[in-house]
Amino acid sequence: MKDKQIPAYAGNYEFKMPKLGESITEAAIITWFKNVGDTIEVDEMLLEVATDKVDSEVPSTVSGVIESILYKANDTIKIGETIAIIKTDGKASIANKETKEKVTSNVVEKTSKKKEKVKPSVKKLATAQQNNNTFFSPLIISIAKAQHISYEELARIPATGKDGRLRKSDIFNYINDGRPFQFVQPTAEQDPTAYRIPQLNLDKGTGKIVKMDRMRQMIADRMVYSKHTSPHVTAYVEADLTDLVNWRNANKIPFQKKHNCKLTFTPLFVEAVAKAVKDFPMINVSVDGENIIVKEHINIGMATALPSGNLIVPVVKDADKKQLKELAADVNNLSAKARDNNLKPEDIKGSTFTISNVGTFGSVMGTPIINQPEVAILALGIIKKRAEVMETEQGDEIAIRSMMYLSLSFDHRVVDGYLGGSFLRRVADYLEQFDTQRKI
């Protein structure tokens, strides 16, 4: 942030953002306790600030009158930058060097004492009220990220700070109480005509209690968020994969010998999906308020089971630009990393469209939940042989064919039935019209 122009007043004292710790280089202003024209004494609290370490109240180092306030709440200021002008009359006391040196330690001490203040347990609150103030300090955001708390959940935590600000003590009290509003939707300021989820006192039964692990909690959060955010519609088609299955069965061993890589069905599915996405780019988007972001890359996520049973989505980057051998290598590499719990952050970032091969679990079909912020997800069922009526030159005949159901869940905010159905049919066409003369 650029320096502000400081008015040149006689007898002015430039109050600077104090040093708040060895590694802290900037702080965000939460609130001012004084206004322009107010008097202030040495050691009287002037403002409250937040860093990525702690929320702190900052005392004045001089006595005088507030002549000018150079920054407003929510501004982020560098340490040592002038933030206010205090007019002294020449007789007003100015903090001595020892007092100034204690500012930092006093700030930390005051903050520590505030942690000891007792707040009513959030468990006693009947509903999860939405906080009106959605500004969160860098410290709160840092804690939330470490605890995997979303912005939506932060907004439900009861806040005790000035003007409804969420304090560090609020979030830790909430965590200690077991995050009771983790899966609750906010109730404040809702449309009175809106649908309300009934609060039913259901009998959940008795039995062994198994606490969700961190990943399962994250998955639960994302699934609820996805269903709450996107109006899901699911379309289905059936595809005859006989030619593709026969080609893969005939070439899987030569392919592995030539490329030192297994040829499963997944890279063939990824290839067909990437082609269809290229044909229908509006399926490869995300929603940002009233804007639609059409993605520059076609990155195909593939839902994969971890040894724990949880699901994760590693990503095949730029799938439309890769040959089959490259797709097979990527799929095998990512699958192996998932099995060994060795996936890196970059392996699971950047997906623009996701597929879920539910057929690997024996499922005929599925109704997948969209992987936000994407707008569609494709489920691929089990490939199953069965008798089908085939039209031939000699008339209708019954033949044994390898059939598979495909189901596409899409976000009806931006994907209508025509686009969703056309895309799904195109994927099936690419699979059915597989080139059996293709070289490996």
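**Entry 1: helices α8 and α9**

I began with helix α8 (residues 265-279) and helix α9 (residues 324-339), whose axes come within 9 Å and cross at roughly 120°; here axes are lines fitted to C-alpha atoms, for helices over the stretch in contact, and angles run from 0 to 180 degrees between N-to-C directions. I therefore noted α8 and α9 as oblique to each other, given that angles under 35 degrees count as roughly parallel, over 145 as roughly antiparallel, 65 to 115 as roughly perpendicular and the rest as oblique. The crossing of α8 and α9 is right-handed, a crossing being left-handed if the near helix is turned anticlockwise from the far one by less than a right angle, and right-handed if clockwise.

I then listed the residues that meet: T266, P267, L268, V270 and E271 on the α8 side, and L324, L327, A328 and V331 on the α9 side, where contact means heavy atoms within 4.5 Å. By class, the residues of this contact of α8 with α9 comprise 7 nonpolar, 1 polar and 1 charged; Ala, Val, Leu, Ile, Met, Phe, Trp, Tyr, Cys and Pro count as nonpolar, Asp, Glu, Lys and Arg as charged, and the others, Gly among them, as polar.

Before going on, I recorded that this is a predicted model, in which local features need pLDDT of at least 70 and side-chain atom pairs count only at pLDDT 80 or more, while totals for chains, interfaces and linings use all residues. Residues are numbered from 1 along each chain as its sequence is written, and side-chain values use heavy atoms, with hydrogens and water left out.

**Entry 2: E271**

I looked up E271 separately, and found its place in helix α8. Is E271 buried or exposed? E271 counts as buried because its relative accessibility is 12%, buried meaning under 20% relative accessible area, exposed over 50%, and partly exposed in between (1.4 Å probe, protein chains only). Not counting residues up to four places away in sequence, E271 touches L324, L327 and R438.

**Entry 3: helices α3 and α5**

Next I turned to helix α3 (residues 138-147) and helix α5 (residues 168-176), which pack at an angle of about 20° with their axes 9 Å apart. That makes α3 roughly parallel to α5, and α3 passes α5 in a right-handed crossing. From α3 the contact draws on L139, I140, I143, A144 and Q147, and from α5 on K168, I171, F172 and I175. The residues of the contact of α3 with α5 divide into 7 nonpolar, 1 polar and 1 charged.

**Entry 4: R401**

I found R401 in strand β19 (residues 395-411); helices (H or I, at least four residues) and strands (E, at least two) are DSSP runs, numbered from the N terminus. R401 is buried, with a relative accessible area of 19%. Which residue does the side chain of R401 meet in a polar contact? The partner is the side chain of D240, at 2.8 Å, a polar contact being a pair of N or O atoms within 3.5 Å, of which, within protein, one must be able to donate a hydrogen and the other to accept it, and residues adjacent in sequence count only if both atoms are side-chain atoms. Setting aside residues up to four places away in sequence, R401 touches D240, T242, K384, K385, R386, E388 and M390.

**Entry 5: G64**

I located G64 in strand β6 (residues 64-69), where G64 is buried at a relative accessible area of 15%. Beyond its neighbours within four places in sequence, G64 is in contact with D38, T39, I40, I86 and K87.

**Entry 6: backbone geometry in loops**

I checked the backbone with one reminder: most residues other than glycine have a negative phi, and most peptide bonds are trans. Q372 and P373 are joined by a cis peptide bond, with omega about 5°, and P373 lies in the loop between β16 (353-356) and β17 (376-380).

D43, not a glycine, has a positive phi of about 75°; D43 sits in the loop between β3 (39-40) and β4 (45-50) and is partly exposed, with a relative accessible area of 44%. N74, also not a glycine, has a positive phi of about 85°; I placed N74 in the loop between β6 and β7 (76-78), and N74 counts as partly exposed at 36% relative accessibility.
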